[in-house]
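Please read the following briefing alongside the sequence and the coordinates.

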Amino acid sequence: MLSRTADSLFWLSRYVERADYLARVLEAATRLSALPRAYGTGTNEWESALATAGCRDLFQRFHETPSAANVTDFLAFSEDNPASIRKCLEIARTNARAVRTALTSEMWEAINGAWLELQQMPAHADADGLMRFLDWVKEMSLRVDGSGYRTMLRNDAYWFARLGIFIERADNTARILDVKYHVLLPEHAVVGGGIDYAQWAAILRAVSALTSYHWVYRQGLQPWLIADLLILNQQMPRSLAACYEAIVGNLERLGSDYGRHGEAQRLARSTYVQLQNSRIEQVFQGGLHEFISAFIVNNNRLGGAIAAQYLS
Amino acid sequence: MLIHVRHRTRYHYEQPVKSIIQALRLMPRNHEGQYVRRWQIDLDHDGTLRPGEDAFGNVMHMLSLDGPIQDLCLTVEGEVDMQDTNGILRGTCERFPPQFFLRETPLTRADAAITEFARDLFGRHGGNALKTLHALLATLHLDMAFDTEPTDTSTSAADAFALKRGVCQDLSHVFIAAARVLNIPARYVGGYLMRSDEAIHQEAGHAWAEAHIPGLGWVGFDPANGICPTESHIRVGIGLDYLGAAPIRGARLGGASEKMAVEVTVADSHLDSQNGQDNQIRWQRPPETARQASQQFQA
Amino acid sequence: MAFDEMRFADGGIRPPYAEVARWLQGVTSAQLERRRAEAELFYRRGGVTFAVYGDAQGEERIIPYDIIPRILSGVEWARLKTGLEQRIRTLNHYLADIYGPREILKAGIVPEDLVWQNPAYRPEMAGLAVPHGIHIHIAGIDIVRVDGDDFYVLEDNARTPSGVSYMLGGREISIRLMPELYAAHRVAPIENYPNELLATLQSTAPRNANKDPIAVLLTPGQYNSAYYEHSFLADKMGIELVEGSDLFVRDSVVFMRTTEGPKRVDIIYRRLDDAFIDPLVFDPGSMLGVPGLFAAYAAGNVTLANAVGTGAVDDKVVYSYVPDMVRFYLGEEPILKNVPTWRCRQKDDLAYVLDHLSELVVKEVHGSGGYGMLVGPHATGADIEEFRQRLLAAPANYIAQPTLSLSTCPAFVDQGIAPRHVDLRPFVLTGADGIRIVPGGLTRVALRQGSLVVNSSQGGGTKDTWVIEDPEMPEARA
């Protein structure tokens, strides 16, 4: 297939995934900021939302102090932010349109339909409207994801689309961990109490893993278990390990389909093996922050290798 | 007179370039008054250089290079035996009838000002084509200041004429536009000039114009110097305008921004060898791989 | 009174329309309205849209579709088809000639300046041997009728004619929405057009091509007005829809960038104008083309369909010489007629045109899409005055033709069923193995009462065109 087609499929998936993630980050921040001030929360929730979205620097070019209003607007609707939810959906649709014939009609209708609905929505929203918007975004990503999963032929087009989802998802999970890692560090465990619980719950909620946590560990929220769930647990669909299981699987299929393995396969396997063989204690010993920073670098490098090997 | 030419174009790219493709019109052809003794194109990278001809019979090489390339040097070097023919051309390679060269192009479109200017000259010279062209040559040389600042390779004749300044390319475009207004076929010539002021080292090639006069055929006019081409004018490429005769038209993938440096040396071969190459960067032999791939052309 | 393709002047029904007339009597306006709405829905859902130039919104619109099919009898089609073949052979001869030996100029049949001063004539093509000698692989010849006997050529489109997706879409709708009427005829199929096009393209592969030549469709991109058609055709032919940046040239061979590495491309069905295909040779500012493509083409390593410079045959002055070309190259009499054309570049013609502006249609020599023309009988005094000034300023830019009373067909419009003016664009494919024409073509209809302008950009619609088996020839049914 054309490299440009693969590129569009890859980025189409990434942008839909990112929109979904941004919606979850905003939802978590909204919940935290609604807690009484005694819980030590407040505007820094909005700052950390910007950090997890990876656009704090850009935000500062347009606004001074982060607030509920300007951060939600910036992350959800802003035209200034090239990675706002609105922009993500526009870019996803542009990519979809460019490869219209590589998509099933179900998938095209899911994306184009979402884009058409977006045109009808107000350019800004109050608190009530925001929650409805975020729910709509999550539902939209399910529609796109599901339509692809149910209808696309299992060939290279599908595998590139799936690769986009999982590279982006791994990046997102790692970003949350990177911003919130201090809440997970052992000394915080001693403190315990409502503040930490609220923070931990927010992290899990942001990756829709609160219920999963209870099913997996059957105990109260413990920071190292949260880290274990999000980094190493392969059952957890947003964990780094699960993302890499999927990435390796898709890259292997591409490699054998094309009869050639390359740098992308090697990098993905290496990261996956490391995740498979690690225990969370080792991760903490080596430093959680260092581990995650290295992961983000490697994940980006893999994205670059996929681009060089297939997409350009 | 035997003239020695060395024309070196260096590129430096901010980031490594993935691939480069260029169309080169850098090789003169023979005609009466111009005989190419030897001529070669070299590059310091592994690539292919495929010779061919363009629409007007200019020798055109297609150059393909694969990266990563961060610095590239393209060298043209040769010797041409020149004789003065009073600007009158014979034995040139002609692919189209003169009438074809009445066609206007975006770069040579005559606006109202050029049209009026041309018609006025024509009227004052009693409708005599040759006299008008000589007047045109003298007037443009006098009225338009040489200035490299305000124009670039995409400046049109009309814009340059309005500015009353420009380089040899702009003056030639105005000359051509004005001639065509008068229904005189005219075309653009790119080449090299051995300057009478003994400035051996130049920053660019030269450009002038040719017009077709019944009975005489094609005649050269160099408005930048206000003269008809002499034995100092080495003719390399012709076209309807600069774009048709451009020495290098290229495209590349990657590289971000680019820096380009051009050094042109045109000198009497005899004197040149006596003077040596003291103030010039010495040419390094290209690496062996490049020598294999880059073909050399001996005339 | 215009020639109506359904009814004789006395109200009787012309034989090809017997079934349609019967059907129209039995069908109610409500039924027709419902089908029209369904047809529109079909186009909208499928995204069969076109972008309108000059529309700041870049809005995607659909072309109105009239559900009543236009009928051509087998006999009518056979004559038209022969005429189209003759015409396209002539146009290909002409291009091979002006880019080659220039015999027609030496013979003084076509004035030289129509070649040398024609901006669509590309000097780069001179002396170039195009693969299999074919210049126009895909042509759209616009045909009109004024009576039951003759077909007139209105315009030859030899560059990148579009509209074939509407032709095919229209047939889909006919079969789905009017099965009873469709079943009452034996309609020659057109659904094989993409196959025919692919076969045509593949037949013209360069000699040193892949064993299974690889063809691609080169589009300017998704913001082009005909992008839908580009993606539709690529999809139906099973070839890649590429943009300039998907292709690159190395050592005068064209490759496409694929996920499996570079893949050689042999044939490019390009829907990109000459000026944009290669910034090294043509417009240096073009971002849509492929640097080095022309060199690869000149080296004989890739086929471009259509060839570069085919526009030299389709301007409106050159048009007026086509009948002479038929005689010159083929030694035959033209089967299709030309609309009489006054060349305003000639003094006598100009004088006549200026005297008769209110009766004539004046067109720009290089204009298209129904823009920049004067329809004398429908123009205001001010319009006519404006054109008079334009003509005087640049007579060579204009031609004039009599106002043809284009034939009409029944159409379903707001006022009910009423005759509307139509033209027809058959698509003529020329490959190394011969000429292919799917029966019929795209019928364009001026939906406004009395209007003669059928262009979609000017409020025209389309109709399905049925070439039916003639009832008087039942033995042909086998």
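A salt bridge is counted here when a side-chain nitrogen of Lys or Arg lies within 4 Å of a carboxyl oxygen of Asp or Glu. By that rule, the side chains of A:Glu168 and A:Arg14 form a salt bridge, with an N to O distance of 2.8 Å. The model is predicted, so that local features need pLDDT of at least 70 and side-chain atom pairs count only at pLDDT 80 or more, while totals for chains, interfaces and linings use all residues. Residues are numbered from 1 along each chain as its sequence is written, chains are lettered from A and ligands numbered from 1 in the order in which they are written, and side-chain values use heavy atoms, with hydrogens and water left out.

**Domains of chain A**

- The domain assignment of chain A gives domain 1 (1-152) and domain 2 (154-312), with bounds that come from an automatic or database domain assignment, and the C-alpha centres of these two domains lie 20 Å apart.
- Contact, meaning heavy atoms within 4.5 Å, links 29 residues of domain 1 of chain A with 32 residues of domain 2 of chain A.
- Domain 1 and domain 2 of chain A bury about 2900 Å² between them, 59% of it on carbon and sulfur atoms; buried area is the accessible area (1.4 Å probe) that two parts lose on being put together, summed over both.
- Across this interface of domain 1 and domain 2 of chain A, the rule finds six salt bridges.
- On the side of domain 1 of chain A that touches domain 2 of chain A, H1, helix H2 (44-53) and helix H7 (127-151) each supply at least two residues, and the largest share, 15 residues, comes from H1(A); helices (H or I, at least four residues) and strands (E, at least two) are DSSP runs, numbered from the N terminus.

**Nonpolar cores**

- A nonpolar core is a set of buried Ala, Val, Leu, Ile, Met, Phe, Trp, Tyr and Cys residues joined through side-chain atoms within 4.5 Å, where buried means under 20% relative accessible area, exposed over 50%, and partly exposed in between (1.4 Å probe, protein chains only).
- The largest nonpolar core holds 111 residues, of which A:Ile85, A:Ile231, A:Leu251, A:Leu302 and A:Ile306 touch the most other members.
- Helix H1 (residues 3-33) of chain A gives the largest share of this core, 15 residues, and the core draws at least three residues from each of domain 1 and domain 2 of chain A.
- A second, separate core of 91 residues includes C:Leu72, C:Val110, C:Trp116 and C:Ala158.
- Leaving aside residues up to four places away in sequence, A:Leu302 touches several residues, among them A:Ile167, A:Tyr244, A:Leu251 and A:Leu267.

**Chain B and its contact with chain C**

- Chain B contains seven helices and 13 strands, and buried residues make up 55% of its 299 residues.
- The contact between chain B and chain C takes 22 residues from chain B and 25 residues from chain C, and the two chains bury about 1900 Å² between them, 56% of it on carbon and sulfur atoms.
- In chain B, B:Gln99, B:Arg103 and B:Arg249 lose the most area to chain C, together 30% of what that side buries.
- Two salt bridges are counted between chain B and chain C, and the side chains of C:Arg250 and B:Asp66 meet in a salt bridge (2.8 Å, N to O).
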